[in-house]
Amino acid sequence: MKGARREVFAAVDIGASSGRVILGSLTEDGPDLRTVHRFPNGAQFLGGALRWDIESLFEEVLAGLAAAAETAAAAGDAVTSIGIDTWAVDYGLVDDAGRLRHLPFSYRDARTESTIGVVHAAVPPEQLYARTGLQFLPFNTVYQLAAERSLDGVQALLIPDLLAYRLTGVRRTESTNASTTGLLDAGTGTWAADLFVPLGLSPDLFPPLVEPGAVIGHLSPAAARATGLSERTAVVAVGSHDTASAVAAVPAESPHFAYISSGTWSLVGVELEAPILTPESRAANFTNERGVDGTIRYLRNTGGLWLLQECLREWSIEGPEPDLLSLLASAGHLPPGGPTVDADSTEFLAPGGMPSRIRRAAEAAGGPVPSSREAVVRCILDSLANAYARTLRDAERLSGTRIDVIHVVGGGSQNALLCQLTADRTGLPVLAGPVEATALGNVLVQARAAGLLADGAGLAGVRAAARAAARTIRYEPAPLTAGEQQRLLPASQP
């Protein structure tokens, strides 16, 4: 009823390059989201390493929650709960008094280069995969932990769990993010306790697990004072790995869908009921990460818009800030068949000098070198679309599923050229949107926990609510010649 007091939910959504606090509610027309605070984020060289300034991040979270409280109060509403999602794998080490041992390292720091072999000597990679189902990435939490000098007297809190602890004083580990550590049993969804001992880790290194929808705790008096929210305000576990929240909000009607959560990284895959832990799956470097309601996000972590973001940053240093829309328009007019690179290569992991690195990689691949800025942009987007197509073809083969449509969510859903190239390379229709899928999934999981969705509403109910909010754009594939298909989609090897 108009004018009635509504329950509203604060979604704290932090990515590797920016963060936001979004106020969400359910209306007769579907979910309504309103951004009340935005702030930049980025790893910084601090203390000789690439780290996250977690103290500044927490101050921004408090400022955003204060804005949420003020906005809700002005409308006569009340903030029912708070959900937090961030990127995966990174953590802070907290002692018994709650003090951080050091600022959290960024996954882009090179400290794990010497520890991968140490981990694999203790637990062979095929054994790791058979238990955890996790795609090999050099920055997985298990390799980061091996780089620590000492883990005595501390607990490891993944970044969203660390922020929740700072708000509530309660330590928990949310399961979707736990599945990115390389220490969670993919089949049971519990800690793979037998892996901890050979890796020299305490079984109590991480706090107890919770599932999305569980109440972690309520605001501490200090957090309540800092935000203007009531101490009764709950902090609810959501899909705290941002991709888990984004996939929960994919507005799919059919189970035969694939998703691309497109941002700094691209998370490309399908949703399954059980993990795939075969040697073929490991060889294809697919991951089995947990989703909301115990689902499996069977995907590959592929290159993303980080490559484009870094080029834009580099070009803005050289002169006036480039106009992205103009660059995309010019790139779209370039003919197909231009240079491509391996967008998944670790050579693009670190910041700095990205345009030059892309040109060198294109030259090393034996193709033409993209000389102009628009050619570099087109090279990036063609390379990403190729990676998506290869990954989805492998996902179908390895999982035995059928893909009829691709849902692109997140910031990359606004990139019309990338969406069209993805449709062209895959031969499948692409539905782009919502942009704020992560925050939407965050809010909807909170709303379901508060009883505002239909009784027993599973993910189908969450997605029905997401469809009511989504404004999608459909891209139909343009046919490729046989020669283009062969060149752009080389056969994958299991």
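Q: In this predicted model, are F286 and Y298 buried or exposed?
A: A residue counts as buried when its relative accessible area is under 20%. F286 is buried, and Y298 is buried as well.

Q: What is the arrangement of the rings of Y107 and F139?
A: Planes under 30 degrees apart count as stacked, those over 60 as edge-to-face, and the rest as tilted. The planes of Y107 and F139 stand at 55°, with ring centres 5.1 Å apart, so this pair is tilted.

Q: Where in the chain do Y107 and F139 lie?
A: Y107 belongs to the loop between β7 (91-95) and α2 (116-122), while F139 belongs to the loop between α3 (125-132) and α4 (141-146). The pair thus links distant parts of the chain, 32 residues apart. Both Y107 and F139 are buried.

Q: Why is the pair of F286 and Y298 classed as it is?
A: The ring centres of F286 and Y298 are 4.8 Å apart and the planes meet at 25°, so the pair is stacked. F286 sits in the loop between α10 (279-283) and β15 (287-290), and Y298 in strand β16 (residues 296-302), so the pair ties together parts that are 12 residues apart in sequence.

Q: Which residues do ring pairs link into a cluster?
A: The cluster consists of W52, W87, Y107, F139 and W265.

Q: What share of the residues in the protein is buried?
A: Of the 494 residues in the protein, 57% are buried.

How values were computed:
Residues numbered from 1 in each chain as written. Predicted model: local features only at pLDDT ≥ 70, side-chain atom pairs only at ≥ 80, totals over all residues. Heavy atoms only, no water. Buried < 20%, exposed > 50% of the residue type's maximum accessible area, 1.4 Å probe, protein only. Phe/Tyr/Trp six-rings, centres within 6.5 Å; stacked < 30°, edge-to-face > 60°. Helix = DSSP H or I, 4+ residues; strand = E, 2+ residues; numbered from the N terminus.
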